[in-house]
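Subject: Handover of a structure and a summary of its features

Dear colleague,

Please find the structure below, together with the sequence.

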Amino acid sequence: MTGIVVTGTDTDAGKTAFALLFLTAFADRFDYWKPVETGDPDSLRLRRLVPTATVHEPLARFRDPVAPALAARREARVMPGAAEICAARPNTAKPLVIETFGSPFSPLTGDTLQVELLRALQAPAVLVTPSKVGAVGRTLTAVRAMTGAGVRPVAVALMGPPDDYAAAQIARHTDGLSVISLQLPEGEWTPESLRAAAERQRAELTRLVEGIGGEEPTPRSGARSAERGVRNEDPEPGGPGLPLRAPRSALRAPDDWPARDRAVVWHPYTALAGAADPLPVVAAEREFLHLADGRTLIDAVSSWWTILHGHRHPPLVEALTAAAGRLDHVLFAGVTHPAAVELAELILGSVPWTGGRVFYSDNGSTAVEVALKMAYQFWCHRGEPNRTLFVGFEGGYHGDTFGAMAVGRDPLFFGPFEPLLFRALQVPVSAERLDAALGANAGRVAAVILEPLVQGAGGMRMHTPQELRAIVEVTQRHGVLFIADEVMTGCRTGRLWAHSHSGIVPDLICSAKTLAGGMLPLAVTLASPGIVAAFDTPDRAKTFFHGHSFTANPLACAVAVKNWQLLASQEWLAAAQRIETFWRTRLEPLRGRPGVTDVRVCGTIAAVELDAPGGYLADIGQRVRQLAINRGVLLRPLGPVVYAMPPLCTSDESLVRLADAIRAAVTGTD
Ligand SMILES: *Cc1c(COP(=O)(O)O)cnc(C)c1O
C-alpha cells in the first residue's frame, strides 16, 4: 500500500491527535510526513510524543499559524503546489502517514484548493472529524464534497467520546464507509498516556488499517461493530461505493505498465512492431505532464491539439465536478438538457450569421462526416442529387473516418483504403486552381472543404486570410457550399475562429478539439440558416438521420459552456498574443538558417520545417522527439515539420525551454 493521507472536516478536527494515536500503535509499520507546516510544528510534537516513529522533514515550514499560502506570502516565499509536494514525497521503505492541513477545501496555493493535493497524492484518505454535536452533518457534507471532487475518503475517524448513533448514521449514508471512533488520552499527552490510549483502542485502529488494505483481512468476530450498527465488512468489488481495498493492479509498481501496455493495447498512428515504449503519464496540470518515473514534460502539442487553457484548468474541473453531480448522460433524440442549449446559444453568438443550428457529435471526424452528409442531403432536398463530388485541398486533413478520408486523401495514411473511398477532388490551395476544378465539374460539386489558414496534420501549412477569402469567393461564385473545418484551428489562430480573419461566411463549420477546453470529447457542426432552411420541412423523409450514442453528452457540454464563458472574457486573447509574440521573436530568426526550409507562425502555432528527406515517415521526427524529451519537452513532429502548439497557460519560462528544444532540434545538438 502507498500509505494514507489524513485530512479533516475542519482545521482543528483532530488530525494530529489521530496521527499521534495511529503512529503510537503502528510506528513499526508507518512513517510520518507533514509536507507543509505553519505555526507550532506538528512534526516536532510527533517526534517528542512518539519517539519510536520515523518523522520526515517537511518540505516547507512557515511561521504564522494561518493558511499556508497566506503564511508564505507574509514571508515573501512561495507555497509549493500539489505536484511539487508530490515530487518531494520522501522515499521510504514503510508506507507514509501524510498529514495535510486544514480541510480538503482549504486553500493550497493562491489558486488551488487542498483537494488537488489529496488527488495528486493518490493515497487512501482518512477523514478526521470531531465527535461532537453536528458530527453527522459535518462529516457527510465533507464526504460528499470530496466524492464530488474525485477523492472519496476510505474511512472516517470520529475523534472524541464514542457516538454510536453518529457512527451508524455516517456509515449508513455513505454506502458503508468504514467509521472508527477514537478517544484521546485524558489529561496531559505524554508518550505513556498515548501508548495506553493506543493499546486500549488497538482493535479500532487495526480495523482501519485493514479497511484501507494495509494487510490481509484477519478473521474477526464483528460483534462489536454489529452491536454499534456499523457495517464494516469489505464491500463487494463493483458493489456500492468505492472498494476500500485498492484493486491489486493499482498496488503494483508502475514500472511494468509499458510492458503490460504492449501486451494489450493498440495505439493510434503507432506501429505494433518496433515502436518505442509509450510514455507512462500519471498526472497533468497546466502545461505539464507527469510521468510514472518522476519526469515532467512540457506538453508542447497540447495533447494532440486538444488542451486549450492548460491541463485540469480549475474552472473546467469545477464545472465537470458540478455537472457530474447533476446529470451523467441522457439520449439526445427527443430530449434536451440545459448545457446543450446554453452551449449552442454561446457558439451561435460567435458565427457570422444570425440563426442557424448546432448539431452535436463527439469528435472532429464525425463533425466532418455530419457536414459532408448535410451538404449532400441539402442538394438532394434542392433537387440536385447529382452533386456527389466534394473538393478538398492538397495537404488537407479532416479525420480518419471514411468520408473524412475521402476528402483528405493522404496517400500514406489512407492509400490502402483508396478503393473504398467516394470520389473527391484535391486541388492545390489556390483560388485559380479551385476555379478551374469547379468550372470543369459544374453542377456536380456539393461542397468545398478547407482548414482555414492552417492545414494542421498536413504539416502546419499556412495560407493568408486573403487567399482564404479568394477561395471562398470562387466557391460561392460557382454556387457550391463551403465547409470550414475548424477542428484544429478553433481558438489557435489568435481568434475564436480562423475563418473570421478573412471575414468570410462559411455554410458549415466543424469544431471539436478545444471545444470543451480539451478535457472531454465533444464536437459540433454549425449549419448556417441557408442549410437549415432546406431541412426545415414537415416532410419526415427529409429528416437528417444521423446521431451518436454520446451526442451532446451533458458532462462535455457543461465543461464546454464554462470554456466558452472563459473565451468571452478576452483574457485568453492576451495569452494567445503573448505566445504569438514569443514565437515571432524567438523562432522566426531561425528562418534562413542552414537546414531550415521555412518558419511559420499563426496565433499560438509555430512550425519550423527542416530540410530532411522522407516526408511524414522521416527519421528526423523520432530523433527530434527524443532530443526534446531529454530536455523535458514533448514534441511530436509531423515528419520534417517540428511544431509547437502549447496550452494558453504555458509560462514564459516553459516557452523558453520549448523554443530551446526546437532550436536544438534544428542544430542537431543535444
Ligand atoms: C484532428 C482533426 C480532425 C479529426 O478530429 P478527431 O477528433 O481526431 O476525429 C478533423 N479535422 C481537422 C482539421 C483536424 O485537425
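Two strands are said to pair if DSSP finds at least two bridges between them. Helices (H or I, at least four residues) and strands (E, at least two) are DSSP runs, numbered from the N terminus. This is a predicted model, in which local features need pLDDT of at least 70 and side-chain atom pairs count only at pLDDT 80 or more, while totals for chains, interfaces and linings use all residues. Residues are numbered from 1 along each chain as its sequence is written, and side-chain values use heavy atoms, with hydrogens and water left out.

The sheets

Seven strands make up an open sheet with parallel pairing, in the order E4-E2-E6-E1-E7-E8-E9. Its edge strands are E4 (55–56) and E9 (178–182), each of which pairs on one side only. Within this sheet, E1 (residues 3–8) runs parallel to E6 (residues 96–99), and four bridges join the two. Ile 4 has Val 97 as its bridge partner in E6.

A further open sheet has four strands in the order E10-E11-E12-E24, and its pairing is mixed. Strands E10 (281–285) and E24 (633–634) stand at the edges with a single partner strand each, so one side of each has no neighbour in the sheet. E11 (residues 288–291) and E12 (residues 296–299) run antiparallel and are joined by three bridges. Leu 289 stands opposite Leu 297 in E12.

The ligand

Which residues surround the ligand? They are Trp 305, Asn 363, Gly 364, Ser 365, Tyr 397, His 398, Gly 399, Glu 451, Asp 485, Val 487, Met 488 and Lys 513, where a residue counts as near if one of its heavy atoms lies within 4 Å. An oxygen atom of the ligand is 2.6 Å from an N or O atom in the side chain of Ser 365, and a polar side-chain atom of Asn 363 lies 3.3 Å from a ligand oxygen atom. A nitrogen atom of the ligand is 2.7 Å from a side-chain N or O atom of Asp 485.

Thr 306

Thr 306 lies in the loop between helix H13 (302–305) and helix H14 (314–324). Leaving aside neighbours within four places in sequence, Thr 306 is in contact (heavy atoms within 4.5 Å) with Arg 492, Lys 513, Thr 514, Gly 517 and Gly 518.

Yours sincerely

Methods
Polar contact = N/O pair within 3.5 Å; in protein donor to acceptor, adjacent residues only side chain to side chain.
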